[in-house]
Amino acid sequence: MKYADRMMLDRLAREYVLGTLRGAARRRFEGLLQFDLTLRQSVREWEERLVPLALTLPPVTPPDRILRALNQRLGIAARDAEPPQTRNPRLWPAIAATFALLAIVLGMALIQREPQPLEPAYVSIIADAEAQPVWFLQTYPEQHELRVRAVGEADAPGSQDYELWMLPDDKSAPVSLGLLPARGTARFVLSESQLAVLRASSTLAVSLEPAGGSPTGAPTGPVVYTAPVVRT
Amino acid sequence: MQARLLARCAEGDLSAFTALYESSAPQLFAVLLRILNRRDLAEEALQDAFVSIWRHAASYRAQRSQPMTWMISIARYRAIDLKRAQRREVPLAAATAGESIDSEIIDTAADPSAEALRAQENSALADCMRELSDSPRECLRLAYLEGLTHQEIALKVNSPLGTVKSWIRRGLQALKECLER
């Protein structure tokens, strides 16, 4: 590339970082950034040069609800990454068969008790009043992961969500695990403290909450299901 | 330490994310409030920025930028985009009329870490900013901290657009040369 072009690109980079490169020019520049390593380097250098200005602003503590909303959003994000579950009714027998297979695997896991790398340490089946399973849960403490599979379709009424809670055995306050998927599977990343609570809980509960989950961090709606935590 | 937290975020560790958030969100929020000048928008941008930080944690390279630089940049670019979308909804006259920065926004500011603040005011950049004459320095601050466009800055400092553009261009060049000395 010609030196003059490089100079021009560096001028764009500095105005991009400063924020004065706007509109279509900004979009075009972002397009160039995808492919031009030198340009990215130049943007990073300007970011580093100017950032002390941003650091002169006194910090402002954001409201607590932001972190709560983020945890919900990121807990659910794993579900969005799963391939979309088909709703084709002809696949129902396949889903039923899958569940039967899961039940067998679970049974074997309970009998074998052999340490296997991908064996869940805790399993729960959340079932409705007719003992029909609604969600199947497996926890892998090594991976800090809770996998949830909606067995059928579990849409909450209205624009509400189902939220999953641990009920600690010492009767302390329920701790949220996240929002349950209406269909398909979800993966929750569990923190060390969530895992500690899970180890000390023999019961899970599902409550009906406003869309996005409980605004208070404690269950606000009715508890619609409970299920034991089975240690494998 | 934040670099290590980012590495753990890349592995999907939500507890590292919480620690990272707690150590950096107040500074990012301050930057966003200043650019967006509206609490609700700043909260939205803060959420978006941290979702982006989580998703892109794997592409963060410690040898290339400081963690705070990387995160503040993500937040600032999000705010600039949001502000642009906002401008299209609100006619310019109304937008400038609503310019009274909520004093409430400033009042709720957490105690600034005085030492950190002094350190930044003593940064090489601050020294170089002081070497600029008043108008270019003011233009650069309005652009970087308030997220204003060339036109908005021209209105605010009551100077022709072409003059503002050249103040900014020359101001940036002077900063670069000063920082390289």
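**Entry 1: a pair of strands in chain A**

I started with strand β4 (residues 161–168) of chain A, which pairs with β5(A) in the antiparallel sense over four bridges. I kept in mind that this is a predicted model. Which residue of β5(A) is the bridge partner of Met166(A)? I looked it up, and the partner is Val175(A).

Next I followed the chain through the hairpin of β4(A) and β5(A), where six residues lie between the strands. Among them I noted Lys171(A), which takes a positive phi near 65°.

Then I asked myself why strand β5 (residues 175–179) of chain A is largely enclosed by the rest of the structure.

**Entry 2: chain A as a whole**

I stepped back and found six helices and nine strands in chain A. The chain has 232 residues, and 32% of them count as buried. I also checked how far apart in sequence its contacts reach. Among contacts in chain A between residues at least 6 apart, 62% join residues at least 24 apart.

**Entry 3: where chain A touches chain B**

How many residues of chain A are in contact with chain B? I found 33 residues of chain A in contact with 51 residues of chain B. On the chain A side, α1 (3–18), α3 (37–54) and α4 (64–81) are the elements that give two or more residues. The largest share, nine residues, comes from α3(A). I sorted this side of chain A by class and got 18 nonpolar, seven polar and eight charged residues.

**Entry 4: the largest nonpolar core**

I turned to the largest nonpolar core, which has 89 residues. Leu28(B) and Leu32(B) have the most contacts inside it. Helix α2 (residues 14–36) of chain B gives this core its largest share, 14 residues. Leu32(B) is then in contact with Ala42(B), Ala45(B), Leu46(B), Ala75(B) and Ala79(B).

**Entry 5: two helices of chain B**

My last stop was helix α10 (residues 150–157) and helix α11 (residues 161–180) of chain B, which pack at an angle of about 105° with their axes 9 Å apart. That angle makes α10(B) roughly perpendicular to α11(B). From α10(B), His150(B), Gln151(B), Ile153(B), Ala154(B) and Val157(B) meet Leu161(B), Val164(B) and Lys165(B) in α11(B). I sorted the residues of this contact too: five are nonpolar, two polar and one charged.

Conventions
Residues numbered from 1 in each chain as written. Chains lettered and ligands numbered in written order. Predicted model: local features only at pLDDT ≥ 70, side-chain atom pairs only at ≥ 80, totals over all residues. Buried ≥ 20, exposed ≤ 12 C-beta atoms within 10 Å, placed from the backbone. Pairing = 2+ DSSP bridges. Core = buried A, V, L, I, M, F, W, Y, C linked by C-beta atoms within 7 Å. Contact = placed C-beta atoms within 7 Å. Nonpolar A, V, L, I, M, F, W, Y, C, P; charged D, E, K, R; others polar. Axes fitted to C-alpha atoms, helices over the stretch in contact; angles between N-to-C directions. Parallel < 35°, antiparallel > 145°, perpendicular 65-115°, else oblique. Lists of a residue's contacts leave out its neighbours within four places in sequence.
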